[in-house]
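Reader: I am new to this structure. Please take me through it, and tell me what stands behind each term.

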Amino acid sequence: MFFFGTGLHPVPELAWCAPLPILLLAPRVSGVTALLCAFIAYAAGSIPSWSYFWHTLSVPRPAGIAILAGSALLFALAAALFRLLVRRRHAVPAVLAAAGLWTVALYAVSLLNPTGLMGTFMTTQADRPVVLQLASVTGGWGVEFLVLAVPAAAAAICAPGIKGGSRLVSVVAVAAVLTGLFFWSTARLSSPAGTTTKVALVVPAKAGWATDVTTPQGAALLQSYVDQIRALPDGVRVAVLPEAAFAVDDASRPGLVEQLRRTGVEVVTGVYDTTPQGRFNAALDVPPSGPTVEFRKWHNGDSKHIASGTDLAYLAGPAKIGLMVCMDVNFANPSGGYGEAGTGLVLIPASDEDADGWEHSRTALIRGVENGFSVAWSAARGTPMLSDAHGRVLADTHPGAPPFSVVTAEVPLGSGATPYARLGDWFAWLCGLLAVCGIVTAVRRTAKTSAAAPAGDATVGA
């Protein structure tokens with residue numbers, strides 16, 4: 001179930017089921033057996049991701065190995081903590097502490113990893129808007145917690161030694177929480193859409209990277225983009241091209257801008273921009289008239305030769321439409337800054353590696369739900385996608401037939417300023433508190449048991 005329920009192309013419902021057999025087993029076997037079974041189940045279940053982490057250019061190979069092994073180890077530790085607490089009849093702390101430990105550890109990884117975080121339990125639910133609405137309050141961490149807490153609750157209810165009355169109360173409590181979440185999410189999804197703007201994603205079938213616009217190849221590519229944009233349906237307000245579609249500098253940038261203005265459509269393109277301040281991976285907004293706007297990518301992984309930006313950037317006009325670039329969605333910011341400012345739509349030039357296209361597009365979608373903005377994800381070698389602020393996919397595709405794939409939709413502007421955008425990662429910190437309380441409870445009880453048992457007692461360390 002981990003094999004099919006997680007990874008690059010998950011079956012969402014199986015993600016909820018995958019932890020259950022291990023958590024059912026854990027209280028019934030020794031601690032070592034529980035640890036080993038949990039580690040092996042998760043590690044073997046992540047086999048579909050092994051090839052990706054071995055060959056990807058986005059994540060250094062040692063880091064990829066650490067992610068795979070570390071995730072399996074983390075699940076094993078969460079299962080072990082669950083086992084310790086449930087065997088001591090602490091069913092509710094067992095559920096909260098295990099899910100809390102898992103969630104807060106991933107939160108720490110998201111802060112420390114230079115490539116950010118994607119592809120966890122929350123991502124598996126990205127095509128289930130009813131589940132995803134929780135992220136507008138708790139961030140994706142609430143979804144992460146819930147997907148592990150539900151099977152943990154089911155396992156705790158079925159654990160040996162749990163009395164019938166406690167089981168009934170637990171079943172009713174879990175059912176009440178899930179029912180309340182369902183009706184709240186359904187009501188949120190039924191709220192009327194706001195003002196819309198027509199957006200087109202224009203992605204080449206054959207992806208390139210930072211083609212110099214001054215070369216014959218660059219001139220031909222630019223002309224093909226111009227021709228395709230001119231052929232877009234009437235009413236398109238803005239066309240979004242992929243990340244680093246062109247390489248420019250101070251001398252060549254005006255020529256690129258002049259050509260794109262001739263389309264009569266506002267164009268946002270990814271550019272690899274060489275400036276006196278350094279080289280930037282940027283999103284360049286070119287309106288039909290008026291000044292251009294450039295957003296410089298905040299997060300460039302371990303690339304030392306590319307400078308990072310620190311500012312938000314908006315298209316001109318009354319609607320708050322912002323810009324980001326690709327890997328920026330793997331982190332809480334700049335998405336959080338856009339959400340706090342009430343941004344309605346974010347346009348994101350991106351570039352993926354075929355295999356991770358769906359996963360990365362849904363990471364962007366989750367950022368939109370967290371912060372209340374719609375997303376235009378224009379990814380070369382990925383999954384170009386338009387989604388609304390509630391996480392509903394309006395249109396998506398995978399680049400195929402040459403010369404271009406085009407995705408077009410009327411995109412409602414979100415309201416921004418969700419509870420999560422205002423409060424930040426409060427739920428991740430709460431998960432840390434739950435994990436610490438659970439560990440302290442387990443350690444104290446273990447110490448008391450060891451002190452009370454006579455020498456040679458076979459129950460010590462059970």
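Reader: What makes β9 and β10 paired strands?

Author: Two strands pair if DSSP finds at least two bridges between them. Strand β9 (residues 345-351) and strand β10 (residues 374-380) are joined by seven bridges, so they count as paired. They run parallel. One of the bridges links S351 to A380 in β10. Strands are DSSP runs (E, at least two residues), and helices are H or I runs of at least four, numbered from the N terminus.

Reader: Where do these residue numbers and the model come from?

Author: The model is predicted; local features need pLDDT of at least 70, side-chain atom pairs count only at pLDDT 80 or more, and totals for chains, interfaces and linings use all residues. Residues are numbered from 1 along each chain as its sequence is written, and side-chain values use heavy atoms, without hydrogens and water.

Reader: Why are β8 and β12 called edge strands?

Author: The open sheet has the order β8-β9-β10-β11-β12, with mixed pairing. β8 (321-323) and β12 (393-396) each pair on one side only.

Reader: What packs on this sheet?

Author: Helix α16 (residues 357-371) does, touching β9, β10, β11 (385-387) and β12. Contact means heavy atoms within 4.5 Å. The direction of α16 makes about 160 degrees with that of β10. Angles run from 0 to 180 degrees between N-to-C directions, and axes are lines fitted to C-alpha atoms, for helices over the stretch in contact.

Reader: How do α4 and α6 cross?

Author: The axes of α4 (residues 31-45) and α6 (residues 61-87) come within 8 Å and cross at roughly 145 degrees.
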